[in-house]
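Please look through the sequence and the structure below before reading on.

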There are 2 protein chains.
Amino acid sequence: MRRVEKTELNAASIQELQNIAGEMREEILRTVSANGGHLSSNLGTVELTIALHRVFSFPKDKIIFDVGHQCYTHKLLSERASVFHTLRKSGGISGFPKRSESEYDAFDTGHAGTAISAALGIAKARDLKGENFEVIALVGDGSFHNGLIYEALNNLRGLNTRILILLNDNGLSISPTHGGMHDALEGFKAGEGDLRLFEQYGVKYLGGCDGNDFTSLLPALEEAKECLKTQSVLLHVVTKKGKGYAFAEESPTQTHGVAAGGTQEKKEYGAALGEELMRLAKGDGRIAVVTAAMTDALGLRPFFEAFPERSFDAGICEEHASIFAAGLAAGGYKPYYAIYSTFLQRAFDEIVHDICAQNLPVTLCIDRAGAVGEDGQTHQGVFDLSYLSLIPNLTIGIPADISQFRAMLELSAKYDAPFAIRYPRLGTEGRKRAVEIGKFEILHSTMSDITILAAGERCVRIAEEGVKQARACGADATLINACFVKPLDEELLSTLKSKYILTMEDGALIGGLGDAVRRFYKESGKTVLSLGYPDAFVPHGDISSQLKGAGLTAEHAAELVVKYARG
Amino acid sequence: MRRVEKTELNAASIQELQNIAGEMREEILRTVSANGGHLSSNLGTVELTIALHRVFSFPKDKIIFDVGHQCYTHKLLSERASVFHTLRKSGGISGFPKRSESEYDAFDTGHAGTAISAALGIAKARDLKGENFEVIALVGDGSFHNGLIYEALNNLRGLNTRILILLNDNGLSISPTHGGMHDALEGFKAGEGDLRLFEQYGVKYLGGCDGNDFTSLLPALEEAKECLKTQSVLLHVVTKKGKGYAFAEESPTQTHGVAAGGTQEKKEYGAALGEELMRLAKGDGRIAVVTAAMTDALGLRPFFEAFPERSFDAGICEEHASIFAAGLAAGGYKPYYAIYSTFLQRAFDEIVHDICAQNLPVTLCIDRAGAVGEDGQTHQGVFDLSYLSLIPNLTIGIPADISQFRAMLELSAKYDAPFAIRYPRLGTEGRKRAVEIGKFEILHSTMSDITILAAGERCVRIAEEGVKQARACGADATLINACFVKPLDEELLSTLKSKYILTMEDGALIGGLGDAVRRFYKESGKTVLSLGYPDAFVPHGDISSQLKGAGLTAEHAAELVVKYARG
């Protein structure tokens, strides 16, 4: 769409601003319908972002979008209107703020709760340099569950600096928010809140403007800007998620993240997670489920409805949720902690220190593992095998299909120690079979001098296709479903005769399956080659191009088989 | 010392309780003087722990000690009086709570802020099972900086359970606490506080008892126990850190952790950190320092005094501190974030997502890396090489002595990307020399068929001694100081002629230097053997026995050199 210049915003009447908001909303709807993306959060913040661009001067002033998924209107207003149709596409603009993309993006975000900390750092650097600009952190109320916010607020007063915090209150994170802070915010809106809650942090509270109404927003932002001259300010802005699009207004959790069309023929692992845990929980009263504000996306809504007393949504609190699960386990329960791979990074220390050091039977159900596609760099699930493999006492399973995933869930229910199962969003059901801890599955056995160890559904499918292609060229390979990265199937590995081993994993090359297999074979004389993500962040784009970037294609696997099949 | 039974506590007069407290205090002083340990925090909580054992019934009731360093009186009162003299010794009892040690220890701790989350998990499991006991979280005011506390409190009300939170307020974490929550607590003590701060979380606040006075403590705990019948309670207990030992009362930060005698002839890396950053900061106005409540222990007090405006102690907030440092870097500063290795685990996601994904020039100064000795399992710095190696854009240096550490700090000041330097507490100065990113140092060159790549001061010294011993047996090895784990010195590695490579690292075998070298040599036909910590948590004891457990001894190195020197 056309670029709306700041001069136009500054001169516009309220009616003209509303027209601009309409244009933006239309462009966002059109683009997200085609490319996928975050719909309801962006529809909800159109007026707020326009008003910010009118009242403040970017890029001189800096704005940090917490999580960053609500930055579309900002991108439209800052140099990227003409390329907005490339949103989330390979080589196109990112769906999240990116300093590398524009100087209007002050700080990259993706995970929740970072904006106030980053704003304080940028503001303090400004003060030290004697520069003069404003620093704004736009934070959704869901992030106010996250401990980072309180760490930053506790630190704020002592820093003797000034920032503007915009609390974007839509009463929802990805799942509806609840808990102490949510209730306090509701109290504020009802006029019963206690402003000292923020004042103890040295922040002036300015309350309750309508973030979808310019006549309320503009004076509130001007007042905040004025107050900001002497101290930090929190402006409480109430917005409607999905604003201006009836379906999104009514179904904000369904329209939080919208996928582009065409991939729905596969089944969600999450649906199987819900089904299996329901089945297991019927027969085992110890089974409980913990999530961090992702109940629906993880497939757990039916479980939450069937077993409300054993269902725990901790809010966007990956660390607390991990320790809470460990506490349930210490109390004799069998918790399943379901979470996206990228967000589990938040709980690394808690997995080490609270779950695995005590060898507590918490099962981590790690969704969106491997390449995630369009959400890109901050959301890739490519590090989990590496940062989990190094943790003692942890078993790590990677099912090759949904059927094997079900079998692993069943296995974990009887297993009295930490267990992690990682899987992509979509997969195929596959055939039913039993699974044993640390036992691989031979899919195709040959006398070839190369054996492929493929981990996870994507890699197993690519390897199968690669071996097929190689056979057409007269070469062959033994193919093994390496469904446990830890422990390895050492018994099977000891019997392999081939000189070359090719590992394939939908994860980082450093610290994952390839390294583990190479470590096992260190004195064997075998050559272990590995396919996986090289040592770089994986940008947004479609999953197949991300896999291709890691050499994870059937063609590449076939090529290697042909090269090494005869020693 | 003798075991004081609960019957004795229950029957004791105030004077007799004071006498028991005196006995405990004497035993703690005697044991910590001999074995090292946490002195002031334990002296401060003697009366509180005795009173808890009188009012509650352990192990039926459960108590979770946040951080856990203040559990000595609890250990004396629960089955471990007769073995208390083995505190922190190899094979002796741990200085932290350990479920494996006694059923009186309800949950293992070591890192700050976990107790409320764990208590909620245990309490909820109790409710679900219909059991009847109390769950107590004893939390120091320093932990109230940590975001985990707020995540847990936000979650508390919705959980519909009951726990007792004891806020142990001594006005100090490891460094003096400050910030929003601290000021609020001071307000409570002055009678100006706002109780709704906790009531918004659904917690009843009971204020201000003297935690070193049984006449104040006992009725306060009885009242808390009564209130606990209907809802969660926070009892605010004011204690004096170091109570009963004049030097510790006056110098609580010096006596927070006390080392056993005999190791002080070496120099602290931390002292060199302070010296070098002072020197660099004089010539470079961009240099700033960030810590998470560990200013003194990290050697940074002189820097904080010389450059207060560029010094930031964020409190026990490892995550926030990381993002704040990233914000400073985005604002044009050159922050050095100093922290213990074990605590940096807390910030794994922030290093990935906020520092390295944006390639921001934050330098991580990682103290207490490798084996830490008596603090044991929860404090070992053995995972850092593994969880840092997998992060793109990060350079990882491991100096072989303090002089090389100084050179790395100087190098990092000119380096415009993330840089991590990890080192143990103590070392030797060594000779001055330059250092280049990713360049190893050849210490001893031979035609032997084995080359040792040793990383870090401990391993380099052990390897040197091992090669010396091997030479006495007629064998020799090339010895290289592998002072960068990332990037490797690929140029040098490419020229090595020996068939056997032995890596030595004071870190976990999975994911560290050995794996990296093996990955590099994957198609070379070389055999890469590795010494480091096997896949298990490393228990407390002295450092030399921990190194020995990993095979990191001169004798073992010599043996391998003799075995492989002639191919």
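Of the residues of chain A, A:Gly147 comes closest to the rotation axis, with its C-alpha at 1.7 Å. A rotation of 180° with 0.0 Å of shift along that axis superposes chain A on chain B with an RMSD of 0.0 Å, where the copies are superposed by least squares on the C-alpha atoms of residues with pLDDT of at least 70 in both. The two copies are thus related as by a two-fold rotation axis. The model is predicted, and local features need pLDDT of at least 70, side-chain atom pairs count only at pLDDT 80 or more, and totals for chains, interfaces and linings use all residues. Residues are numbered from 1 along each chain as its sequence is written, while chains are lettered from A and ligands numbered from 1 in the order in which they are written.

**Where the chains meet**

- 91 residues of chain A are in contact with 91 residues of chain B, and two residues are in contact if their C-beta atoms, placed from the backbone, lie within 7 Å.
- The side of chain A that touches chain B has 39 nonpolar, 30 polar and 22 charged residues; here Ala, Val, Leu, Ile, Met, Phe, Trp, Tyr, Cys and Pro count as nonpolar, Asp, Glu, Lys and Arg as charged, and the others, Gly among them, as polar.
- Because 100% of the interface residues of chain A are also interface residues in chain B, the copies meet through the same surface.

**Buried elements of chain A**

- Helix H21 (residues 513-520) of chain A is largely enclosed by the rest of the structure, because six of its eight residues are buried; a residue is buried if 20 or more other C-beta atoms lie within 10 Å of its own, exposed if 12 or fewer, and partly exposed in between, with C-beta atoms placed from the backbone.
- The helices (H or I, at least four residues) and strands (E, at least two) named in this briefing are DSSP runs, numbered from the N terminus.
- The buried residues of H21(A) are A:Leu513, A:Gly514, A:Asp515, A:Ala516, A:Val517 and A:Arg518, and what covers them includes strand S18 (500-508) of chain A together with helix H21 (513-520) of chain B.
- In strand S9 (residues 334-340) of chain A, seven of the seven residues are buried: A:Lys334, A:Tyr336, A:Ala338 and A:Tyr340 point one way, and A:Pro335, A:Tyr337 and A:Ile339 point the other way.
- In a regular strand the side chains alternate between the two faces of the sheet.
- S9(A) pairs in the parallel sense over five bridges with strand S7 (residues 287-291) of chain A, and likewise in the parallel sense over five bridges with strand S10 (residues 363-367) of chain A; two strands pair if DSSP finds at least two bridges between them.
- A:Tyr336 of S9(A) is the bridge partner of A:Val289, whereas A:Tyr337 has A:Leu364 in S10(A) as its bridge partner.

**An open sheet in chain A**

- Five strands of chain A form an open sheet with parallel pairing, in the order S1-S2-S3-S5-S4.
- The edge strands are strand S1 (62-65) and strand S4 (203-210) of chain A, each of which pairs on one side only.
- The twist averages 20° from one strand to the next; axes are lines fitted to C-alpha atoms, for helices over the stretch in contact, and angles run from 0 to 180 degrees between N-to-C directions.
- Helix H6 (residues 115-129) of chain A packs on the sheet, touching S1, S2 and S3 of chain A, and its direction makes about 175° with that of S2(A).
- Helix H10 (residues 214-227) of chain A also packs on the sheet, where it touches S3, S4 and strand S5 (232-238) of chain A, and its direction makes about 170° with that of S4(A).

**A buried strand of chain B**

- Strand S15 (residues 450-455) of chain B is largely enclosed by the rest of the structure, because six of its six residues are buried.
- S15(B) runs parallel to strand S18 (residues 500-508) of chain B, joined by six bridges, and B:Ala455 has B:Glu505 in S18(B) as its bridge partner.
- S15(B) also runs parallel to strand S16 (residues 478-481) of chain B, joined by four bridges, and B:Thr451 stands opposite B:Thr478 in S16(B).
- From S15(B) the chain crosses through helix H19 (residues 457-472) of chain B to S16(B) in a right-handed β-α-β crossover, a term used if, with the strands pointing away from the viewer, the path from the first strand over the helix to the second runs clockwise.
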